[in-house]
Structure formats: C-alpha cells, structure tokens
Amino acid sequence: MHYPVMLPEVIAAMDLKDSGLYVDATFGNGGYSEAFLSAKMCNVIGLDRDPNVYNRAEELSVKYNNRFSLIETKFSEMDRIDLPMVDAVVMDIGVSSMQIDRADRGFSFMRSGPLDMRMSTSGASAADAVNLLPYDDLVKIFKVYGEEKHSRRAADAIISSRQAKYIGTTADLATIIEKTLGRNGKIHPATRIFQALRIFINDELGELYKGLCAAERVLKPGGRLLVVTFHSLEDRIVKSFLRRRTGGMVSVSRYVPEQKKVANVQTFIDGKRSVIKPQKDEIKENPRSRSAKLRYAIRTDKTPLKADDRLLPDVIGLDEMENYYE
Ligand SMILES: C[S@@+](CC[C@H](N)C(=O)[O-])C[C@H]1O[C@@H](n2cnc3c(N)ncnc32)[C@H](O)[C@@H]1O
C-alpha cells in the first residue's frame, strides 16, 4: 500500500470540477487519482514510468467507467504524447512504497535484493553505476545528489571493493558503506548513498525540471500545477522554476551570469506564495510525510519563451548542479 501524501491539501489546491480533465503525473498506487475520480465526475489520465502499476490502473478504469486511463511514460514527455489541454497536473515526486518495499526492485538497504533502483524497466541499473563509473563521477553523484559529506571515502571503498568482487546486491553495497563510514546514531550510513544512486539512475532532478516545463505546455489558461516534493534538492528546483515563471528573476548559476538577462514571461501566478506542509496528524500516521512540501501555481494565458528550453542542459547537468547546490 502507498499512503497518498497531503491528500486533503492536494484536493483543495486542485480546485476539482465535474467534467474537468486532470493529469496525475506520478500515478503510483493511484491514491490521488482515485480521490479525484470519486470527488467529481471528472476524467483523469495517470502517467507512470513503472509498468508494475498496470493492475491498479485497470482496477480504477473499470471502477470509474473508463473515466480513468493510464499512459506508461516519463512525465517529462507529457507534452509529446498528444494529450489534450488539461485543467491540472499533479506531480508527487519520488518512489512509491510499493517500489521501496519490494526487495527485487533494489531500492532499499533494509532488504537484500539485486542492486537495481530503476523505476522503469530500461536503462542502466545502480549496479552498473557502482561497478563501472569512474571514481570522480561516483564522488560527484554522492556529493551532489546525496549531499554526502564523506563522498570521497565512500567512492574509495566502492572502487577497492569492486576490484575484488562485483557489487551486485543492496546488501553488498550497504555493508561496504557501513564498514567504511561506520554507524553514528539512528540513520543508516548508506541512506544518502542510496538516495544519490536512485536520483542518478532515474535522472530524477532532470525529469523534475523537464516535467515542469512539459506541464507548462499542456495546461489550459487557469489550469493548476501542483508539485509535492520530499527533499531540498527537489524543492529548490520547483521553487526556482516557479519564481522564474511567476515573473521573478533567478540566477541558475553564479557561473553563468548571462542567464539573468533572459526575460521572463509570466506563465504562472502563485497559487499560494508559501510552501504548504502536512498537518501534525498526518505526520503521526505516516512519518514519511514529514518532509513533504506542496507548492502550486495557476497557469496564465502567456506562451512560454522558446529560449527557456536553452537553459535545460545547464540546469540539470551534474557539473552545473554541483555549482548550483554549493
Ligand atoms: C510517490 S509515488 C506516487 C504515489 C501516488 N501519488 C499515490 O497516491 O499512490 C511516485 C510514482 O511516480 C512514478 N514516477 C517517478 N518519476 C517519474 C517520472 N519521471 N515519470 C513518470 N513516473 C514517475 C514512480 O514510478 C512512482 O510510481
């Protein structure tokens, strides 16, 4: 089961209407989709890059008389799959409990399984990354995506272990990291390393930025963009995207000052300026929700600048991220 995070706040910000068309861009276990379908006579299109959500999608489609349909895709592609213009897009970033809890998906150091971590079925796995990437890349991944202070020590340990034996399981990697960094307090020392690899393997931050740009293109004027994030790396991307698109000027990198000269088109107005956080009761019931943040904005009728696409590689490249997050 996956507990839908901040559901009452998401429903309120969606401003659901009968006959509205909504995109649940991170379908998962369909907690949001089902709540929308049961609240109004609306239609919902679910997106997910993980084919394992099919059965649940089929269940919703039958239960709600085809008012629901699923498209297997990355949400960064939502403007390229012939969607009609929609009334809202919601993105609940990250992995689902179903993905983390299945040992064979390789997301968790708590369960031994193949070191996989892919949300979809294609692309390189976490085992490919730790066994094949050069030292400098591993250091950068751990430092930037894991905000790991001991990125060099962790990468050193991986390089020397893999010379002796292929690192094939989550347990192999967790043991190497625990032996190297030691245990200090309640948090497992491999937590940040696993987070970093997951973000890297699934290009989660690049997907997020591209997903925001794609959502901007499929929303009707007056349509709503909602994003729930779980850590500061993600929230910073959403915050800076919305600041820029609501008319503010932000510097993506202090090393690329000319980006400041790109004129902003106000494609959104703030739904609420400040971030929305879960209620205490929800955090008590579902501790995973404690770091959740919801931001939302309302689409204007302005066309996004074509030139803004140019910023994309700079925003998401690992080198650029390193400067951005210093
Ligand atoms: C946190 S769960 C969403 C849970 C959902 N809101 C619910 O109530 O059940 C995130 C889901 O989004 C999917 N996902 C993550 N990144 C994605 C991307 N870039 N494109 C499409 N799906 C993605 C994951 O596979 C996962 O199933």
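Modeller: A crossing of two helices is left-handed if the near helix is turned anticlockwise from the far one by less than a right angle, and right-handed if clockwise. This is a predicted model, so local features need pLDDT of at least 70 and side-chain atom pairs pLDDT 80 or more, while totals for chains, interfaces and linings use all residues. Numbering runs from 1 along each chain as its sequence is written.

Biologist: What share of the 326 residues is buried?

Modeller: A residue is buried if 20 or more other C-beta atoms, placed from the backbone, lie within 10 Å of its own, exposed if 12 or fewer, and partly exposed in between. Of the 326 residues in the chain, the buried share is 43%.

Biologist: Among contacts between residues at least 6 apart in sequence, what share joins residues at least 24 apart?

Modeller: Two residues are in contact if their C-beta atoms, placed from the backbone, lie within 7 Å. Among contacts between residues at least 6 apart, the share joining residues at least 24 apart is 68%.

Biologist: Why are H7 and H8 oblique to each other?

Modeller: Angles run from 0 to 180 degrees between N-to-C directions of axes, lines fitted to C-alpha atoms over the stretch in contact. Those under 35 degrees are roughly parallel, over 145 roughly antiparallel, 65 to 115 roughly perpendicular and the rest oblique. The H7 and H8 axes come within 9 Å, and the pair is oblique with a crossing angle of roughly 125 degrees.

Biologist: Is the crossing of H7 and H8 left-handed or right-handed?

Modeller: The residues that meet there are Arg153, Ala154, Ala157, Ile158 and Ser161 from H7, and Ile176, Ile177, Thr180 and Leu181 from H8. By class they are six nonpolar, two polar and one charged. The crossing itself is right-handed.

Biologist: Is Ile167 buried, exposed or partly exposed?

Modeller: Ile167 sits in the loop between helix H7 (151-164) and helix H8 (170-181). Its contacts beyond four places in sequence include Leu115, Ala127, Val130, Ile158 and Ile176. The C-alpha atoms of Ile167 and Val130 are 7.3 Å apart, although 37 residues separate them along the chain. With 19 other C-beta atoms within 10 Å, Ile167 is partly exposed.

Biologist: Which helices do the buried residues of H9 pack against?

Modeller: Helix H9 (residues 191-201) is mostly covered, with 10 of its 11 residues buried. Among them are Phe194, Leu197 and Phe200. Their packing partners are helix H5 (126-132), helix H6 (135-145), H7, H8 and helix H10 (204-218).

Biologist: How does H1 pass H2, in a left-handed or a right-handed crossing?

Modeller: The axes come within 11 Å and cross at roughly 55 degrees, which makes H1 oblique to H2. Leu7, Val10, Ile11 and Met14 in H1 meet Gly31, Tyr32, Ala35, Phe36 and Ala39 in H2. This contact has eight nonpolar residues, one polar and no charged. The crossing is right-handed.

Biologist: What is the phi of Ser19?

Modeller: Ser19 belongs to the loop between helix H1 (7-14) and strand E1 (21-24). It is exposed, with 9 other C-beta atoms within 10 Å. Ser19 is not a glycine, yet its phi is positive, at about 65 degrees.

Methods
Helices (H or I, at least four residues) and strands (E, at least two) are DSSP runs, numbered from the N terminus. Ala, Val, Leu, Ile, Met, Phe, Trp, Tyr, Cys and Pro count as nonpolar, Asp, Glu, Lys and Arg as charged, and the others, Gly among them, as polar.
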